[in-house]
Every structure is written in C-alpha cells, then in structure tokens.
Amino acid sequence: MTLTHAFGSTTIEALPDRVVVLAAMEADICAGLELVPVAMPRIADTPWFRRAINGFQEVRPIHLDDSQGVPIEDIAELKPDLILAMSTELSAESFKQLSAIAPVIAAQKNDVADGWRELAAITGRALGREKGVAALIEVADALVTNAVRDYNGLDGATALYVEASTVQGADVVVHAAESIPMQVMREFGLADAPSLRSLSSGQSSDDGRLVSFILPHERAAELSADVLIVAVSGNELSEYRERGELPSLPRFGASPVHFIAEADAIAMQTGSPLALEWIGRNLVPEFAKLAYLSSRKNTT
C-alpha cells in the first residue's frame, strides 16, 4: 500500500502489527478498528479509549512523552512497523527521522484539520482494515443521530468554540470554521456563528487554511452565539463550579456560556468517532440547554 501525504508518499510493505500513533485521533481510530497502538501520547489515554480497548486488549499502550517534541529515540526503541501522524504537526526533519525507523503516514496537507472520516479512511487503508472503517463510520453516524433526536432546537443554532484563561489580560483563542471543534459542532446540527465569519475574515495562517486565531482580551465581548463553548483548565473549571463565576475571564458577548475542561475539551478537540459518542452523551444536552436559553432570550 502506498499513501500520499504532505511530505510525499509512504509505502507500507506488509500489514502492520506494532503501530505507534502521535495523536489522540489516530489512537481512537485504531481502537475503533480493534487494534491497540504500541505507544501513544498520554493525552490519548481517555475514558472512551480505555472503554473501547477493554473488550479485546489487556496490555495498555506505552505513554510517549511529547512535551519536548517528537520522542524519536523512545519510538525507535519500540521497533514499530508503522507510525501514524496524520493529525499532529510534524516537521520535515521529524518526518525524516521517523521514516528511518518505520513507514510514516503524515497529514495530507500542511495542516492537521482534516475531518475524522478522512483520517479514518486513511488509517483503514494503512492498516488493511477498510471494511472495518466503513462499519466504524456507520456506527458513529448512528450515535450522532441518536444523540440529537430529542433536541430539535439544536438544528441551525449558531455555535462558537474558544479557549480562555483567567490569567490577567490573557487573549482568547478562537477556533475557526476549519477546526476540529467547529467540525464537531456541525456534526450535531449546529451552524457557525456569523461573528466567527466576520472575526476570522482578517486573519491569516502560514498554509492558507485557518484553524484558529488569537482575539485580544478586550474583544471577547464580540464573541456571540447560541451555543458558546469555552475551554478552560481543570483548576479553573473546579473554581467555577465552587464559586459560580470566574471573574478574571474576559467578558464574552450576551451569549450563555458552557465551560469545559479535561476529557470534554479533549473530546471536542479530537473529534474522533469514539469522542463523538462521549460528546453525544455528555455535551449535547448542554448544547441543547444553551440553544434553548438563547431562543428564550431572543423571544423576550
């Protein structure tokens, strides 16, 4: 099998068995195809990943320390026969070093915002499990349909996903339409907020495809949507739950806000088929609540 990507092409000579993944998306897709990676980043060890592999694997994947970049030497010691890096930023030098260890499948373009269906299809071809991918997509689509069945108010409600911090004067990270979190929102029937289009129109990215952009602290009030999801740190979320407010956060628009952290934020920023199930169960009811509150406010 030969697959093309941003760095050219990679040929896989035989069905892989020892697979190393460099991001949570690839880990989830492998788990959905009943193949447990030999190693993966610690952030990929999510509740939904552990639940998926419990039925067919007792040995847990090794956690890679990627805090200082791609751990080339650690990966080499594992002797993998395939490295999946389609949804993580990978430099040309890292690709070259990893390719000396095993075949590497990188991002299709010079960005990492491809949807989970595309990444699942690539992973299925690389692993020789294309039929499994078709079943995985079918199950995920059914889960999304079931998750929104009782929430008519979600269809067409506008959405935004941002990251914020209580650090004094900290800027806000706004996820653009091409980002994984916004793709996730659209999976569940939500629409991009008009404010996102206007705010992102003057932004740019090195590769021409905008995934996220910085909005100055004082402009957070321009962020308005029916469903406004704000990702914060775990400590900040705990403080919010105790006090009912986070006064150091920037002031957003008039929209009702739902704060998330840790597993919920990882799920939104991974957007894998396994993460979609988690979102459908834990976050879609919150989406629906915000959409309802926004509709009530608009009619009063």
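In which sense do β8 and strand β10 (residues 191–192) pair, and over how many bridges? The two strands pair in the parallel sense, over two bridges.

## Basis of the description

This is a predicted model, in which local features need pLDDT of at least 70 and side-chain atom pairs count only at pLDDT 80 or more, while totals for chains, interfaces and linings use all residues. Residues are numbered from 1 along each chain as its sequence is written, and side-chain values use heavy atoms, with hydrogens and water left out.

Strand β8 covers residues 158–163; strands here are DSSP runs of E with at least two residues, helices are runs of H or I with at least four, and both are numbered from the N terminus. Five of the six residues of β8 are buried, so the strand is largely enclosed by the rest of the structure, where buried means under 20% relative accessible area, exposed over 50% and partly exposed in between, with a 1.4 Å probe and protein chains only.

Pairing requires that DSSP finds at least two bridges between two strands. A159 stands opposite D192 in β10 and has V227 as its bridge partner in β12, while V162 stands opposite V174 in β9.

β1 runs antiparallel to strand β2 (residues 8–11), to which four bridges join it, and the hairpin between the two strands passes through two residues. H5 has G8 as its bridge partner in β2.

Helix α1 (residues 24–32) is mostly covered, eight of its nine residues being buried; among them are the charged residues E26 and D28. Just after this helix, E34 takes a positive phi of about 60°.

T46 lies in the loop between β4 (39–41) and α2 (47–53), and this residue counts as buried because its relative accessibility is 4%. Leaving aside neighbours within four places in sequence, T46 is in contact (heavy atoms within 4.5 Å) with D28 and I266.

## Helix packing around α11

Two packed helices are described by the angle between their axes and the distance between the axes. The axes are lines fitted to C-alpha atoms, for helices over the stretch in contact, and the angles run from 0 to 180 degrees between N-to-C directions. Helix α10 (residues 262–270) and helix α11 (residues 273–282) pack at an angle of about 125°, with axes 9 Å apart, which means that α10 is oblique to α11; angles under 35 degrees count as roughly parallel, over 145 as roughly antiparallel, 65 to 115 as roughly perpendicular and the rest as oblique. In this contact A263, D264, A267 and M268 of α10 meet A275, W278, I279 and N282 of α11, a set with six nonpolar, one polar and one charged residues.

Helix α6 (residues 130–148) packs against α11 at an angle of about 15°, again with the axes 9 Å apart, and α6 is therefore roughly parallel to α11. L136, A140, L143, V144 and A147 of α6 meet P273, L276, E277 and G280 of α11, and these residues divide into seven nonpolar, one polar and one charged. In this classification Ala, Val, Leu, Ile, Met, Phe, Trp, Tyr, Cys and Pro count as nonpolar, Asp, Glu, Lys and Arg as charged, and the others, Gly among them, as polar.
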